[in-house]
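Take a moment with the fold, then read on.

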Amino acid sequence: MKFTRITTLTTVAAAALALGALAATPTLAQMKSDGMKSNMKSEQTVTVGGAPMYPSKNIIQNAVNSKDHTTLVAAVKAAGLVETLQGPGPFTVFAPTNSACAKLPAGTVDMLLKPENREKLSAVLTYHVVAGRISAKDLMDAAKRNGGKAKFKTVEGEDLWVESKGNTLTIWDHKGSASKVTIQNVFQSNGVIHVIDTVLLPS
């Protein structure tokens, strides 16, 4: 009787331990989720608009989290450019902040966001995009090779100019207005963003 009782207790204890081990073993879904979180934490991020910008995410996925770029994101959506900027690219985007957009004459942003002005809005936005992943160093090197200022063709088709002085980059548009790069090298899975303080305008 004692032997039977001991055997029974041993079996129950073993079963309890097995159940505990199963409960402590993470599921495949949990392992994947934890792995993704770990990878995101280990990425070298840049904070823009109060949010970390992850190099593993594309331009749109990161931009929508920046509190400083809500106007830009709204404009990209209104112009129908979301799918393009989620594509493989790569793209170099000079991204004006909300403050930069607020410098435009009163009513300009609202006017551009109207459906009938979609083509004009698209032209302004694509004037902020250059094909390729062009880092701040690339921009500086190009400027130095050309006497301090280099010309780049935008996706819109017209040129803009990048001036380098020390570690400061200034972008000049077709109208002769200057915009300073305030945050450099915000790398994305499909390109790079350089944050600017003034909207660039094509001719």
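The search turns up 2 cavities of 30 Å³ or more. A cavity here is a set of points, on a 1 Å grid over the protein atoms alone, where a 1.4 Å probe fits but cannot get out, and lining residues have an atom within 4 Å of a point. Grid points are joined across faces, edges and corners, and a volume is the space filled by probe spheres set on the points.

This is a predicted model, where local features need pLDDT of at least 70 and side-chain atom pairs count only at pLDDT 80 or more, while totals for chains, interfaces and linings use all residues. Residues are numbered from 1 along each chain as its sequence is written, and side-chain values use heavy atoms, with hydrogens and water left out.

| Cavity | Volume | Lining by class |
|---|---|---|
| Largest | about 160 Å³ | 13 nonpolar, 3 polar, no charged residues |

For the classes, Ala, Val, Leu, Ile, Met, Phe, Trp, Tyr, Cys and Pro count as nonpolar, Asp, Glu, Lys and Arg as charged, and the others, Gly among them, as polar.

The largest cavity, about 160 Å³, has 16 lining residues, and Ala75, Cys101, Leu112, Leu121 and Val124 come closest to its centre. At least two lining residues each come from α4 (70-78), α7 (108-112) and α8 (118-126); helices are DSSP runs (H or I, at least four residues) numbered from the N terminus.

Around the second largest cavity sit Ile60, Ala63, Val64, Val73, Val76, Lys77 and Val82. Both α3 (59-63) and α4 give at least two residues to this lining, with α4 holding the largest share at 3 residues.

Terms used: On a 1 Å grid over the protein atoms alone, a cavity is a set of points where a 1.4 Å probe fits but cannot get out, and a pocket is an open set with protein on both sides within 12 Å along at least five of seven lines; lining residues have an atom within 4 Å of a point.
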